[in-house]
Amino acid sequence: MLVPIPMCIWVAQHNQEQVFQFFLFLKWLYKSGKLKFSTLELQAIASMMNYSDVRPIQKHIDTLLEWGWLRLNEKTEFYLIASFDRLRIKYDWESRASIECTLKEINNIRAHVGASIFAYQHKDFWRKVKREKSVRIKGRAYHFLSPSFNYSKQFAPIATTGIEALHNISKSKASTLKIAAAKAGYILVKKDFDTTYSDADINLLIKYCDAPQNLRKLNGKVVLQLIDLVLPKISIRKRHKLGT
């Protein structure tokens, strides 16, 4: 199924990965979009999600009902799972950018959420470069070389401070999500260093700037660590209708 990236961002903002995981599991398990939550169903879901009992499941159900992601038809006693498109309208998520989510991603929900956010920022960065032709960030210049330039194979500088500023997700949370996504193989992350500074430049940085925290020793030379470079290994897709 295709999961809207704005939904992943909202989940990270509100630290609701576990409830989100449960919601996606319901959508994966109940393709019809409805269920009754019988005692046997609750026990089976708890077992499949590796919960020791049904209490966390019941708590997730209450939360989803409060959010309106689930609703109870009192006449039929069926619980109805909200469609992605319904939620997009409810929360006014303008972007229709989405990524594929299978049971594997549901079981590694933090990696999935992290991959969504960093893949989205990667695409947004290269969109900006294409629009402005050239972008310079902390000593590095990035160019959109030609109309046939394939940005999807190019790393992009994505700072956790940028994630915090754009999406109100703390730097520590963004870092945790990035590590999880990289560990799962959804994104590649590599360090970037500026090695062009002379010893005199480094001494000035230490004396007058907020640089010491970004200074590292590389091959016996002091260098300035720049923003981590990120390359998504997943594809962003856009659908005119997000559907179920």
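A search of the whole structure turns up 8 salt bridges (a salt bridge is a side-chain nitrogen of Lys or Arg within 4 Å of a carboxyl oxygen of Asp or Glu). Keep in mind that this is a predicted model, in which local features need pLDDT of at least 70 and side-chain atom pairs count only at pLDDT 80 or more, while totals for chains, interfaces and linings use all residues. Residues are numbered from 1 along each chain as its sequence is written, and side-chain values use heavy atoms, with hydrogens and water left out.

**View 1. Lys-173 and Glu-17 form a salt bridge.** Their closest N and O atoms are 2.9 Å apart. The pair links distant parts of the chain: Lys-173 sits in helix 9 (residues 171-183) and Glu-17 in helix 2 (residues 17-29), 156 residues apart. Helices (H or I, at least four residues) and strands (E, at least two) are DSSP runs, numbered from the N terminus. Lys-173 is buried, with a relative accessible area of 13%, and Glu-17 is buried too, at 3%. Here, buried means under 20% relative accessible area, exposed means over 50%, and partly exposed is in between (1.4 Å probe, protein chains only).

**View 2. Asp-85 meets Arg-88 in a salt bridge.** The N to O distance is 3.3 Å. Both residues belong to helix 5 (residues 84-91), and because they are 3 residues apart, about one helical turn separates them. Asp-85 counts as buried at 15% relative accessibility, and Arg-88 counts as buried at 13%.

**View 3. Asp-228 and Lys-191 join two loops.** Their side chains meet in a salt bridge, 3.2 Å from N to O. Asp-228 lies in the loop between strand 12 (221-225) and strand 13 (229-232), and Lys-191 in the loop between strand 9 (187-190) and strand 10 (193-194), so the pair ties together parts 37 residues apart in sequence. Asp-228 is buried, with a relative accessible area of 11%.

**View 4. Helix 9 has a buried side and a face turned away from it.** Its buried residues are Lys-173, Ala-174, Leu-177, Lys-178, Ala-180 and Ala-181. Seen down the axis of helix 9, these fall within an arc of 165 degrees, so they line one face of the helix; the arc is that of the directions from the helix axis to the C-beta atoms. The face turned away from the buried side carries the exposed residues Ser-172, Ile-179 and Lys-183. After helix 9 comes Gly-185, whose phi is positive, near 85 degrees.
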